Amino acid sequence: QVQLVESGGELVQAGDSLRLSCAASGQTERGKPAGWFRQSPGKEREFVAAITWSGARLLYADSVKGRFSISRDSGKNTLYLQMNSLKPEDPAVYYCAATDLPDHSGSYYYAIAYRYWGQGTQVTVSS
């Protein structure tokens, strides 16, 4: 099993920046923290960003390209999401997820491809 714990979510103003963290522990050889998803009330969970197994590819949803940046510190088994220029449409519960997908996989965009999930951290943006 892989345990994931997100942190960093809070109430910010539109235009502000925020960095989310996701610390992984347990049998991390079974899955690296790799993806960020978010879910707003009444909406389905949606892909935000992912970093592939080796870190060679960074993937983003169109809605966050140019504003959000994903990174991973493998030594600390921690995944990050730097969110800049936050907009009123960004508030959601943000979830970190771990997977063992290979670098070349096209499935990083899909929640079903991730085996392990954190409990989520709430991001609220006031306009």
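## Surface and charge

In this predicted model, the chain has an accessible surface of about 6400 Å². Carbon and sulfur atoms account for 46% of that surface. Of the 127 residues in the chain, 44% are buried.

The chain carries 13 positive and 12 negative charges.

## Fold and dimensions

The chain contains eleven strands and zero helices. Read from the N terminus, its elements follow the order β-β-β-β-β-β-β-β-β-β-β. The radius of gyration is 13 Å, close to the 14 Å given by the globule rule for 127 residues, so the chain is as compact as a globular protein of that length.

Taking contacts between residues at least 6 apart in sequence, 60% join residues at least 24 apart.

## Disulfide

The chain has one disulfide, formed by C22 and C96, with 2.0 Å between their sulfur atoms. This pair links distant parts of the chain: C22 belongs to strand 3 (residues 18-26) and C96 to strand 9 (residues 92-99), and the two cysteines are 74 residues apart. The angle about the S-S bond is -70°, and the link of C22 and C96 is left-handed.

Both ends of the link can be classed by accessibility. C22 has 0% relative accessibility and therefore counts as buried, the cut-off being under 20%. C96 also counts as buried, because its relative accessibility is 0%.

How values were computed
Residues are numbered from 1 along each chain as its sequence is written. This is a predicted model: local features need pLDDT of at least 70, side-chain atom pairs count only at pLDDT 80 or more; totals for chains, interfaces and linings use all residues. Side-chain values use heavy atoms; hydrogens and water are left out. Helices (H or I, at least four residues) and strands (E, at least two) are DSSP runs, numbered from the N terminus. The radius of gyration is taken over C-alpha atoms; the globule rule is 2.2 Å times the number of residues to the power 0.38. Buried means under 20% relative accessible area, exposed over 50%, partly exposed in between (1.4 Å probe, protein chains only). Contact means heavy atoms within 4.5 Å. Accessible areas come from the Shrake-Rupley method with a 1.4 Å probe; for residues, only the protein chains shown count as cover. Lys and Arg count as positive and Asp and Glu as negative; His and the chain ends are not counted. The place of a charge is taken as NZ of Lys, CZ of Arg, CG of Asp or CD of Glu. A disulfide is a pair of cysteine sulfur atoms within 2.5 Å.
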